[in-house]
Amino acid sequence: LVSLSLLADALQSPATAVAPAASPAEPQPSAAIPPVAVRDPLLVKLEEGGILGIFLEEATEVLERCDTLLNTWRDRLADQKLVKNLQREIHTFKGGARMAGLDALGDLSHAMESLLEQIAANRLQATVAAVQALEEGCDRLTLWVEQLHSGRMPETGDALARFEQKA
C-alpha cells in the first residue's frame with residue numbers, strides 16, 4: 001500500500017507536470033493508478049522451453065508407455081521386468097512433476113512408485129487389483145496432464161487418498 005501511495009503521489013506531483021499539455025480534443029490522462037490484473041490461480045501459463053512445458057511434453061510420452069506396460073503386466077503378473085520398467089517410468093514422471101512444482105502429481109506418482117517398489121521387492125504380491133489401482137492412478141495423471149496442456153491447473157481433490165485405499 002505504501003508503494004501504491006508513493007506512486008499516486010508521484011503521478012500527482014508538479015514534477016510530472018513538465019510534460020506538454022494535451023490538446024483540448026485529446027482526453028487528459030488520469031492520475032489514478034491503473035487497476036492491477038488479478039491472475040486466476042487455476043490458469044497456467046506455458047512458456048516454450050520452460051520446465052512446465054518440458055515436463056508436459058515428456059509426461060504424455062511417459063504415461064503412454066505406462067499404459068502399454070500396465071496392459072502387458074495384467075496378463076503377466078509374475079514378470080518382474082515389467083514391474084521394474086513401470087517403476088522407472090513412474091519415477092521419471094514423479095521427478096518431472098516435482099521439478100515443475102506440481103506437488104499433487106508428484107505425490108500421487110510417489111504413492112504409485114512405492115506400491116511398485118513393494119511388488120518389486122516381493123513384499124507385496126502382484127495382483128490384478130494392484131494393476132487396476134495403478135491404471136486408475138495413470139488415468140488420473142493423464143487427465144491432470146491434459147488439463148495442464150489446456151492451461152488449467154488440475155483440481156486434485158482426494159485422488160491420493162483414494163489411490164492409497166485401493167493399493
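The model is predicted. The chain has six helices and zero strands. Along the sequence they follow the pattern α-α-α-α-α-α. Of the chain's 167 residues, 30% count as buried. Among contacts with a separation of 6 or more, 66% join residues 24 or more positions apart.

**Helix α2**

- Helix α2 covers residues 51-75, which makes 25 residues.
- Its end C-alpha atoms are 36 Å apart. At 1.5 Å a residue the helix should span 36 Å, so the two values agree.
- The buried residues of α2 are Leu 52, Phe 55, Leu 56, Ala 59, Val 62, Leu 63, Cys 66, Leu 69, Leu 70 and Trp 73.
- The cover over these buried residues includes α3, α4 and α5.

**Helix α3**

- Helix α3 runs over residues 80-99 and has 20 residues.
- From first C-alpha to last, α3 reaches 29 Å. That is close to the 28 Å expected at 1.5 Å a residue.
- Buried in α3 are Leu 82, Val 83, Leu 86, Gln 87, Glu 89, Ile 90, Phe 93, Lys 94, Gly 96 and Ala 97.
- These buried residues pack against α2, α4 and α5.

**How α2 meets α3**

- A packed pair of helices is described by the angle and the distance between the two axes.
- The axes of α2 and α3 come within 9 Å. They cross at roughly 160 degrees.
- Angles over 145 degrees count as roughly antiparallel, so α2 is roughly antiparallel to α3.
- The crossing of α2 and α3 is left-handed.
- The residues of this contact divide into 16 nonpolar, four polar and three charged.
- On the α2 side, the contact residues include Phe 55, Val 62, Cys 66, Leu 69 and Trp 73. Glu 58 and Arg 65 of α2 also take part.
- On the α3 side, they include Leu 82, Leu 86, Ile 90, Phe 93 and Met 99. Glu 89 of α3 takes part too.

**Cys 66, in α2**

- Cys 66 sits in helix α2.
- Its relative accessibility is 0%, so Cys 66 counts as buried. The cut-off for buried is under 20%.
- Beyond residues up to four places away in sequence, Cys 66 touches Leu 86, Glu 89, Ile 90 and Cys 138.
- Leu 86, Glu 89 and Ile 90 are among the buried residues of α3.
- Cys 66 and Leu 82 are 16 residues apart in sequence. Their C-alpha atoms are 9.9 Å apart in space.

**Ser 109, in α4**

- Ser 109 lies in helix α4, which spans residues 103-120.
- At 0% relative accessibility, Ser 109 counts as buried.
- Leaving aside neighbours within four places in sequence, Ser 109 contacts Ile 90, Phe 93, Lys 94 and Leu 141.
- Ile 90, Phe 93 and Lys 94 are listed among the buried residues of α3.

**Leu 148, in α5**

- Leu 148 has its place in helix α5.
- Leu 148 counts as buried, because its relative accessibility is 0%.
- Leu 148 and Leu 56 are 92 residues apart along the chain. Their C-alpha atoms are separated by 7.7 Å.
- Leu 56 is one of the buried residues of α2.

Technical notes. Residues are numbered from 1 along each chain as its sequence is written. This is a predicted model: local features need pLDDT of at least 70, side-chain atom pairs count only at pLDDT 80 or more; totals for chains, interfaces and linings use all residues. Side-chain values use heavy atoms; hydrogens and water are left out. Helices (H or I, at least four residues) and strands (E, at least two) are DSSP runs, numbered from the N terminus. Buried means under 20% relative accessible area, exposed over 50%, partly exposed in between (1.4 Å probe, protein chains only). Contact means heavy atoms within 4.5 Å. The expected span of a helix is 1.5 Å times one less than its number of residues. Axes are lines fitted to C-alpha atoms, for helices over the stretch in contact, and angles run from 0 to 180 degrees between N-to-C directions. Angles under 35 degrees count as roughly parallel, over 145 as roughly antiparallel, 65 to 115 as roughly perpendicular and the rest as oblique. A crossing is left-handed if the near helix is turned anticlockwise from the far one by less than a right angle, and right-handed if clockwise. Ala, Val, Leu, Ile, Met, Phe, Trp, Tyr, Cys and Pro count as nonpolar, Asp, Glu, Lys and Arg as charged, and the others, Gly among them, as polar.
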